[in-house]
Amino acid sequence: ADKGELCHPEAGTCHPGRDCLRAFKFWYGGLTYYGGFIGAYLASIWFIRRRKAIFWRVADLGAFGIALGLVFGRIGCYLSGCCFGAATHSWIGVAFPRKSPAWSAHLKEHLIGSGAGESLHVYPTQLFHALGNLSVFLVTFWIFRRHRRYDGKVLAWFLALYGIERFVIEYWRADQRGEWLWGLVSTSQLISLPLIGAAFYMMAYLKRRRALVMPDAALMAKRP
């Protein structure tokens, strides 16, 4: 049952009460890209098959669009202050205002006092992600328009590029996102690894299948 929030106004911190159903209450936040992507992927398999469409062809249409959508999503993360990076003295660091997630985290870690007007300067990892996703979009859209030689190629490249981008930038993040293997990798990094492997397997498998089904490359080149 929901026991409510445990707030300490003098310290400026709040901790969620014990609620066994909180994981399903999306209005509290906590939604993540990988969870949404996996859920949407499974739902799309059912929907596309019901419509009797070619799954890999439809997936290619959506892959670069997802990358572009993530650009705006990460800008939203920056504006809300979530997904912040580790503290830094670099010129690129940014400070978030009082009561922001970064400010609350630094207060909890006793890095700032309750009277501090802003957090420590941190890496703007949200913008790192936005630039990374923009790069993924440009590459996958270019592949879709110029170099899509088999169905599924755009999706495979999206999974590989996004997985690599996400894995690398996670090392600069400092928000609570789950840790595994004695704190060496985050939950997202742990998910990224098999997805990257699956992406390269998809490239090899789909390319080989395309060669068996349609050996004449000229026929494929005529496709839009």
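## About the model

Residues are numbered from 1 along each chain as its sequence is written, and side-chain values use heavy atoms, leaving out hydrogens and water. Because this is a predicted model, local features need pLDDT of at least 70 and side-chain atom pairs count only at pLDDT 80 or more, while totals for chains, interfaces and linings use all residues.

## Two nonpolar cores

A nonpolar core is a set of buried Ala, Val, Leu, Ile, Met, Phe, Trp, Tyr and Cys residues joined through side-chain atoms within 4.5 Å. Buried means under 20% relative accessible area, with a 1.4 Å probe and protein chains only. The largest nonpolar core has 24 residues, and W56, V154, L155, F158, L159 and M202 touch the most other members. Helix 2 (55–80), helix 4 (125–146), helix 5 and helix 6 (187–213) each give two or more residues to this core. A second, separate core of 6 residues includes F84, A102, A105 and V122.

Let's look at L155. Contact means heavy atoms within 4.5 Å. Leaving aside neighbours within four places in sequence, L155 is in contact with Y41, W56, A59, D60, A63 and M202.

## Helix 3

Helices here are DSSP runs of H or I, at least four residues, and strands are runs of E, at least two, numbered from the N terminus. Helix 3 covers residues 101–108, where A102, W103, A105, H106 and L107 are buried. Just after helix 3, H110 has a positive phi of about 60 degrees.

## A buried aspartate

Where is D175 found? D175 sits in the loop between helix 5 (153–169) and strand 3 (179–180). D175 counts as buried because its relative accessibility is 12%. Not counting residues up to four places away in sequence, D175 touches C83 and F84.

Terms used: Buried < 20%, exposed > 50% of the residue type's maximum accessible area, 1.4 Å probe, protein only.
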